[in-house]
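Q: Please take a close look at one helix in this model. What does it pack against, and what lies around it?

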Amino acid sequence: MWIWLGGIVLFAILLLAIVLISNIHIHFTFRKHRSDDYALINIRLLYGLVRIKYEIPSIVFKNMKEGFLVKTQQRTNHSRGEAEGNERVNKRKVKKWAKEVKVMLRATDALKIWVKQTLTRVHMTDLSWSTRIGVADAAYTAIVTGWVWTIKSIMIGFLSYQVQFKRTPCLEVIPVWGDEMEFQTELELHMRIRFSAVFTAGLRLMTRVLKVEGGWRMWFRLVQEQRRKHKQKLKEQHHNSHI
């Protein structure tokens, strides 16, 4: 009896250790060529047993009032079919996100420090960013190319202080000396983070929330609101699929 019990406990400890030392791999791709936009996020965890694919096949700018219409597709290797949806991103939505971030900041003790601590555990294993740009004038194309180089360098420089780069980023800006306007960019990055780091970050976040009076209530309301929106979106998708 005790041998069986000991064996089960040992197996559970080994299983937990295997999970904690595993990595979560994230592969992000973004491409833009004139009005064609495409983004893809692939997440692989538990040694590839769980795979999540989040795809944005199109981003359409309507106007200043309506903002962007973002088409999304989500699929996992354990689900049937794809979950498709449309997300509208406009000024109102951005204000709402900013309001939710303010609530998170109020509900958590030193949330910014927690984010920085968590990001330091992220390993950037590969990053490449290529851009082709031309403004139909050689002199201005040269100036704009320099600006793009500067902006990219500043962004990657800032990122290098937040996460651990395992390889030197591959950046490229190619001027196009044609008679037509041209803009094409492609960003691709691979990241990984240890499962134990995510687990530890979750415990630290809970501790910081409990330090604030009423913090967990504010987080609970935020989570409830997100669940309500998710259910409403699923309901609308189900309704639209039967029209």
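A: A helix here is a DSSP run of H or I, at least four residues long, numbered from the N terminus. T207 lies in one of these, helix α5. The model is a predicted one.

Start with the position of α5. Helix α5 covers residues 195–211, and helix α3 covers residues 111–119. The two pack at an angle of about 170°, with their axes 11 Å apart. Angles over 145 degrees count as roughly antiparallel. Therefore α3 and α5 are roughly antiparallel to each other.

Now the residues that touch. From α3 come L111, I113, W114, Q117 and T118. From α5 they meet A201, R204, L205 and R208. This contact divides into five nonpolar, two polar and two charged residues.

Back to T207. Its relative accessibility is 44%, so T207 counts as partly exposed. T207 and D109 are 98 residues apart in sequence. In space, their C-alpha atoms are 8.6 Å apart.

In soluble globular proteins, nonpolar side chains tend to be buried together. The largest nonpolar core has 12 residues, among them I24, L45, W129, L189 and A197. Strands β6 (123–135) and β9 (181–194) each give two or more residues to this core.

How values were computed:
Residues are numbered from 1 along each chain as its sequence is written. This is a predicted model: local features need pLDDT of at least 70, side-chain atom pairs count only at pLDDT 80 or more; totals for chains, interfaces and linings use all residues. Side-chain values use heavy atoms; hydrogens and water are left out. Axes are lines fitted to C-alpha atoms, for helices over the stretch in contact, and angles run from 0 to 180 degrees between N-to-C directions. Angles under 35 degrees count as roughly parallel, over 145 as roughly antiparallel, 65 to 115 as roughly perpendicular and the rest as oblique. Contact means heavy atoms within 4.5 Å. Ala, Val, Leu, Ile, Met, Phe, Trp, Tyr, Cys and Pro count as nonpolar, Asp, Glu, Lys and Arg as charged, and the others, Gly among them, as polar. A nonpolar core is a set of buried Ala, Val, Leu, Ile, Met, Phe, Trp, Tyr and Cys residues joined through side-chain atoms within 4.5 Å. Buried means under 20% relative accessible area, exposed over 50%, partly exposed in between (1.4 Å probe, protein chains only).
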